[in-house]
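Colleague: I'm new to this one. Could you walk me through how some of its helices pack?

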Amino acid sequence: MQDAESEQGATDDGSTATSNEKLRARQYWPPSTLYVVATPIGNLGDMTPRAITVLSDVDLIAAEDTRHSSSLLRHFGISTPMLACHDHNETEVAENIIARLAKGQSVALISDAGTPLISDPGYATVRRVREQGYRVSPVPGACALTCALSVAGLPTDRFSFEGFLPAKAGQRDKRLAALREQTGSIIFYEAPHRIVASLTAMVDTFGPDREAVFARELTKRYETLTGGTLATLLAEVSAERNQQRGEMVIIIKGLAMTETQRSEQELLADQVLTTLLGELPVKQATGLAVKLTGLKKNYLYNRAIDLVKDTT
Ligand code: SAM
């Protein structure tokens, strides 16, 4: 891979490249880099121009399944050599990649679909490459979890990604039970043959009335997005065989914060602010309180003003 610019950040303006050549001309390509490249989750139109350029220009592509990825690469006219990288050979692949990086070559890591490492192989490789001091650079794009969350209409200010639930019923139920009281949205990936059993277990754990969204075949022809309670989703998915096909994401709405949690937070905020306000002006005390408590800046600022008023 060649350096086409001597200055980093040459394409940080976010402008749209009309061709790979233009993109290349504006892009800074540091040598000895592992690029983690997102590919589409169904719709080929979601392949980014930058992904095409990087995959065309690197010396090697480490792919989860080389046969699967070869049709994607062929579609975009990319002929870069590939190396299989899956969960069982990651240590070996990481060493192979490091040897390439040591020679000044660049490598890209892709998975079958979406963003590598998100319920996909790559974690051990990225960790090892970073440990060795080489640069790892993201080429962002599609990801089913953010894709589903962005259209679900459920709270996005706090969420957790749970990936696939354990296959064994006992372990699955334990994991679900641990999430029952969670206050942020909870995102799961699921496979067609387990969807009915998982939704049934979710109804049992979270209760039939808990709000949820079922997102299927996102960005593809049969994309469906169904919202409702867990009980209605279970009924709809069980009744219609087509709803049990394809790729799917479930998002469960978190619990509203309980009064106890809220008052504990408020108490903590007051204690921290009172101490800080003894030494610092409101703005600085608020800034430090945000760091110490993780609570929202606006809330802490308004609370600090009230505390100051109360003491004058
Ligand atoms: N790395 C991928 C990503 O960035 O989302 C996820 C890979 S994981 C092995 C595959 C799972 O992601 C599927 O079983 C499904 O739960 C979810 N998924 C992938 N593509 C999807 C799509 N188009 N619509 C809904 N869910 C999808």
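This is a predicted model: local features need pLDDT of at least 70, side-chain atom pairs count only at pLDDT 80 or more; totals for chains, interfaces and linings use all residues.

Colleague: Let's start with α7 and α8: at roughly what angle do their axes cross?
Modeller: Helix α7 covers residues 169-179 and helix α8 covers residues 195-206. Their axes come within 10 Å, and the crossing is at roughly 40 degrees.

Colleague: And what does that make α7 relative to α8?
Modeller: The axes of α7 and α8 cross at roughly 40 degrees. Angles under 35 degrees would count as roughly parallel, and 65 to 115 as roughly perpendicular. The crossing itself is right-handed. So α7 is, relative to α8, oblique.

Colleague: Which residues in α8 does α7 meet?
Modeller: From α7, the residues involved are R172, D173, L176, A177 and L179. The residues of this contact divide into seven nonpolar, two polar and two charged. On the α8 side they meet A197, S198, A201, M202, T205 and F206.

Colleague: Now the other pair: how far apart are the axes of α11 and α12?
Modeller: Helix α11 runs over residues 282-293, and helix α12 over residues 297-311. They pack at an angle of about 130 degrees, which makes α11 oblique to α12. Their axes are apart by 9 Å.

Colleague: How many residues of the contact of α11 with α12 are charged?
Modeller: V282, T286, A289, V290 and T293 in α11 meet K297, L300, Y301, A304, I305 and V308 in α12. Of the residues in this contact, eight are nonpolar and two polar. The number that are charged is one.

Technical notes. Residues are numbered from 1 along each chain as its sequence is written. Side-chain values use heavy atoms; hydrogens and water are left out. Axes are lines fitted to C-alpha atoms, for helices over the stretch in contact, and angles run from 0 to 180 degrees between N-to-C directions. Helices (H or I, at least four residues) and strands (E, at least two) are DSSP runs, numbered from the N terminus. Angles under 35 degrees count as roughly parallel, over 145 as roughly antiparallel, 65 to 115 as roughly perpendicular and the rest as oblique. A crossing is left-handed if the near helix is turned anticlockwise from the far one by less than a right angle, and right-handed if clockwise. Contact means heavy atoms within 4.5 Å. Ala, Val, Leu, Ile, Met, Phe, Trp, Tyr, Cys and Pro count as nonpolar, Asp, Glu, Lys and Arg as charged, and the others, Gly among them, as polar.
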